[in-house]
Amino acid sequence: MSFDKKINFELASNSVIRGNDEDAAQLTQEALANGITAKEFLDFGLIPGMDVVGARFRDGDMFLPEVLLAARAMKAGMELLKPELSKSDIKPAGKVVIGTVAGDLHDIGKNIVIYMLEGTGFTVLDLGINVATETFISAVQQHQPHILGMSAFLTTTMPAMRQVIESLQKSNLREGVKVIVGGAPVTEHFAHEIGSDAYAEDAGTAVTICKRLARLDNS
Amino acid sequence: MICSDMSRIVPLTITEVMPKPESVLMQMGVPRRAAVSSAVQSLVENAIEILSQYAAPAGVMTEISEKQFTIVYAGEGCNARDTPLEHIFPQARRLAVYALTLGEKISGKIAGLCNSGDVALGGALDAAASVAADNGSEFCEQFFYNLIAKKQPTIHDTCVLAYSPGYCGWHVTGQKKLFQLLKPERVGIELNDNCLMHPIKSVSGVLVAGAREINYFEPHWDFCEPCTTYSCLQRMKNLRVLAKQTMTEEDNVIRQENKF
Ligand code: B1M
């Protein structure tokens, strides 16, 4: 059967929407074998699928487990595209350094945010859990990300977010990086109060906001 | 209020905490009875299976007096000015503080799955473990109830309900005093300076045994506004359902007795 680019892209998008990682991998292989570039397949096959997922999640038509399966399918395709993508000079959507703040050990929320960011083309450096203020600062210094992300699970660990932002200011790094915070007890009001650029209540919103923040930063 | 000097290990096993797939889906934000794909269904079933292999539940409980609990409750002085619990616990017949954990291995497994790139399964397992931890609290309630019922078989109007620091105006720093009294370290639970328990899938609180009505309140406090769960409403609803059931059972017994 002859290869039809349009159908391949459409099927790839659908495999992401349905969260079928096997189909996503197979369609990626087929596309590459038929001379489609990694960038083209990403832009017209996988990413449109993830965009639909993001929109449906926002509208309440899709739920977290389905989104996670979609991201898994996206990742299955991305893995196969990686070697070619790294050879080309395609820029990632943005670079994010992220971690759970000092004294806090909860990481599933952060991990889901990372998963979704990577699924939409961000390069993410995960500093892990219980991350000391100094570690955030040196990571920003060293990796110069567009965005610094912090997560917290309890109100008692949230003050560490303020400390990191103050340290960024003291180290003259604040101007060069956008800050986003999130986690169960974190609120928009708190984010504003500590001088964060943004707050996201879930991973879908975090992706939308990070895209906006990275664009602002790139301009 | 009766108070015996009672501190004991709660006989928690994986059987008691096993979550139902529907509860795991709800924990992941899927509304009750929403249709899910077979892929999602098997993701959740897989997570529950892994949970059964990796969770090692353990719990501890100590019965305390109202006076002792007044000190625990006051904690570090950070509670909201007026809270439901401060009206509830003085009406309790018996009180016990408790803590439980699913152990470290399950958190290691969740982290391992996420680090290896399978956040879908890691996320589902995390949700399953969260439900299991909540089920553990329900088991502790039942365990305390059974202990009381053993000595006082006619306690139909008594129920046991758990309340936790970090909820409903009882500040999360309340865990400090609770830990000093309970010493959950003996089942492997540590509290850090930020009042976060390690292992992460752990719960602490007080078990309040008393008449059902003492637990009814309107969630109109200041701290209710930012609450995302409003789990108090479900808990009160469950109590009301239970009260109705008990009444029907009692009615039936009376009817049966009148027949003869
Ligand atoms: C960088 O940019 C970003 C952007 C977005 C970001 C981000 C970063 N990081 C996260 N996000 C966002 O995107 C993610 C994905 O959509 C989301 O991440 P989350 O991590 O929030 O989401 C997870 C994927 C799923 N969500 C969760 O896992 C948390 C859900 C809720 C219901 C919750 C759960 C499940 C649990 N808990 Co509890 N728990 C609550 C939570 C209330 C709520 N509705 O959020 C909260 C967080 N807990 C609370 C409390 C008090 C506690 N819990 C406890 C225990 C537990 C369980 C074990 C039963 C269970 C699991 C806990 C765990 N850490 O794994 C205790 C502490 C445990 C410990 N280890 O110390 C205990 C202290 C209770 C006790 N005394 O036992 C409250 C904290 C309040 C406070 N004052 O800090 C709480 C808000 C509930 C409440 N009162 O309303 C977003 O927040």
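Predicted model: local features only at pLDDT ≥ 70, side-chain atom pairs only at ≥ 80, totals over all residues.
Local features were considered at pLDDT of at least 70 and side-chain atom pairs only at pLDDT 80 or more, while totals for chains, interfaces and linings use all residues. Residues are numbered from 1 along each chain as its sequence is written, chains are lettered from A and ligands numbered from 1 in the order in which they are written, and side-chain values use heavy atoms, without hydrogens and water.

The ligand lies between chains A and B.

Polar contacts (pairs of N or O atoms within 3.5 Å) involve both chains. A backbone N or O atom of A:T155 lies 2.7 Å from a ligand oxygen atom. In chain B, a side-chain N or O atom of B:K201 is 2.5 Å from an oxygen atom of the ligand. For a polar backbone atom of B:S204, the distance to a ligand oxygen atom is 2.8 Å.

Helices (H or I, at least four residues) and strands (E, at least two) are DSSP runs, numbered from the N terminus. Ten of the twelve residues are buried, so α5(A) is largely enclosed by the rest of the structure. Buried means under 20% relative accessible area (1.4 Å probe, protein chains only). Among these buried residues are A:I108, A:K110 and A:Y115. Just after the helix, A:G121 takes a positive phi of about 95°.

Helix α7 of chain B spans residues 119–151 and holds B:S137. B:S137 is buried, with a relative accessible area of 9%. It touches B:Y98, B:L100 and B:V203, leaving aside residues up to four places away in sequence; contact means heavy atoms within 4.5 Å.

In helix α8 of chain B (residues 175–182), B:Q175, B:L178, B:F179 and B:L182 are buried. Seen down the axis, they fall within an arc of 100°, so they line one face of the helix. The arc is that of the directions from the helix axis to the C-beta atoms. Their packing partners in chain B include β2 (58–64), α4 (66–74) and β7 (202–211). B:K183 follows α8(B), with a positive phi near 55°.

Technical notes: Buried < 20%, exposed > 50% of the residue type's maximum accessible area, 1.4 Å probe, protein only. Near = heavy atom within 4 Å. Polar contact = N/O pair within 3.5 Å; in protein donor to acceptor, adjacent residues only side chain to side chain.
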